[in-house]
Amino acid sequence: MNKDEFSIEVEDLCKRFGHRTILHKVAFRVDRGETVAIIGPSGAGKSTLLRCLNGLCNFDGGTIRVGSLVLRSGRRPAPFATLRQIRQRLGMIFQDFQLFPHLTVLQNVTEAPIHVLGVARRDAERQAQALLDRVGLADHIHAFPQQLSGGQKQRVAIARALAMNPFGLLCDEITSALDPELKAEVLAVLEGLRRDGMTLILVTHEMAFAQRVADRIIVLVDGEIVEDGPPARVFRTPEHPRTTRFLEQVLL
Ligand SMILES: Nc1ncnc2c1ncn2[C@@H]1O[C@H](COP(=O)(O)OP(=O)(O)OP(=O)(O)O)[C@@H](O)[C@H]1O
Ligand SMILES: [Mg+2]
């Protein structure tokens, strides 16, 4: 596969809910191995953007390319096969973990490889154990989600996403529900993944983390990208007054 098989390209993405425009001509590109943090005020459209990228909602204009896979605007959802391939290439992780409560940690991680990819149970379990080891949960594989801390649950969710062998992860405020210490655990896992070459698109309120690890910062305000550049520039010399106002509020 060539390099472009691992790029994400968004062109003129428009999304409306009823008469309200939520995303307006959003365009950006993320190359393999890049870490991009998307920041912006509440209601700016950050979660909606990630959901569009993952084929979780349709949109009203523009295109999204994940390698050679294309999502186009329209009322009809993309073909199931395309959605499945996109979700395999880009894992998504949510603020509220969304683990299966009735399955153990190990079963949460092996579920999709076995039932979606058709991996043999024994192989899926071996891979899951390695992934859970990597996120520091080797001792909890037979626990149920309710027996885990928030940070542990989020690390299971990361292992579960990694079990599909994606090239990228879409993370929607995945540390927002966590205490500072547990946040640090999860952010450390993300940093490790970044070092290993995973492409990361992070919607986050963790400004210090974004500033430290992101290659680029995208600022989304009222459904429009008002800033897309390296952290040093966006944080020190923002081009748009809305960015300045937003940063003043969050960096207080
Ligand atoms: N299913 C929906 N139906 C109607 N409006 C929606 C729907 N989902 C989101 N919206 C609206 O779209 C806008 C963008 O929402 P979104 O959740 O993408 O914002 P966000 O930037 O992720 O905000 P936050 O930082 O609070 O998570 C909001 O005004 C929200 O009310
Ligand atoms: Mg959101």
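## A bridge between two strands

In β7, Leu170 is the bridge partner of Met92. The strands β6 and β7 pair in the parallel sense, over four bridges, where pairing requires that DSSP find at least two bridges between the strands. Helices (H or I, at least four residues) and strands (E, at least two) are DSSP runs, numbered from the N terminus.

This is a predicted model, in which local features need pLDDT of at least 70 and side-chain atom pairs count only at pLDDT 80 or more, while totals for chains, interfaces and linings use all residues. Residues are numbered from 1 along each chain as its sequence is written, and chains are lettered from A and ligands numbered from 1 in the order in which they are written.

## The sheet and a helix packed on it

The open sheet has six strands in the order β6-β7-β8-β3-β9-β10, with mixed pairing. Its edge strands, each pairing on one side only, are β6 and β10 (224–229). From one strand to the next the twist averages 15°.

Helix α5 packs on the sheet and touches β6 and β7, its direction making about 165° with that of β6. Contact here requires C-beta atoms, placed from the backbone, within 7 Å, and the axes are lines fitted to C-alpha atoms, for helices over the stretch in contact, with angles running from 0 to 180 degrees between N-to-C directions.

Within helix α2 (residues 80–89), Ile86, Arg87 and Arg89 are buried. The buried residues of α2 fall within an arc of 160° when seen down the helix axis, so they line one face of the helix; the arc is that of the directions from the helix axis to the C-beta atoms. A residue is buried if 20 or more other C-beta atoms lie within 10 Å of its own, exposed if 12 or fewer, and partly exposed in between, with C-beta atoms placed from the backbone.

The buried residues of α2 pack against β4 (61–66), β5 (69–72), β6 (90–93) and β7 (168–172), whereas the face turned away from the buried side carries the exposed residues Phe80 and Ala81.

Around ligand 1 (C-beta atom, placed from the backbone, within 6 Å) are Phe17, Ile22, Ser42, Gly43, Ala44, Gly45, Lys46, Ser47 and Thr48. Helix α1 (residues 46–53) supplies the largest share of this shell, three residues.

Ser149 is found in the loop between α4 (121–134) and α5 (150–162), and is partly exposed, with 14 other C-beta atoms within 10 Å. The C-alpha atoms of Ser149 and Leu178 are separated by 9.1 Å, although these residues are 29 residues apart along the chain.

Conventions:
Contact = placed C-beta atoms within 7 Å.
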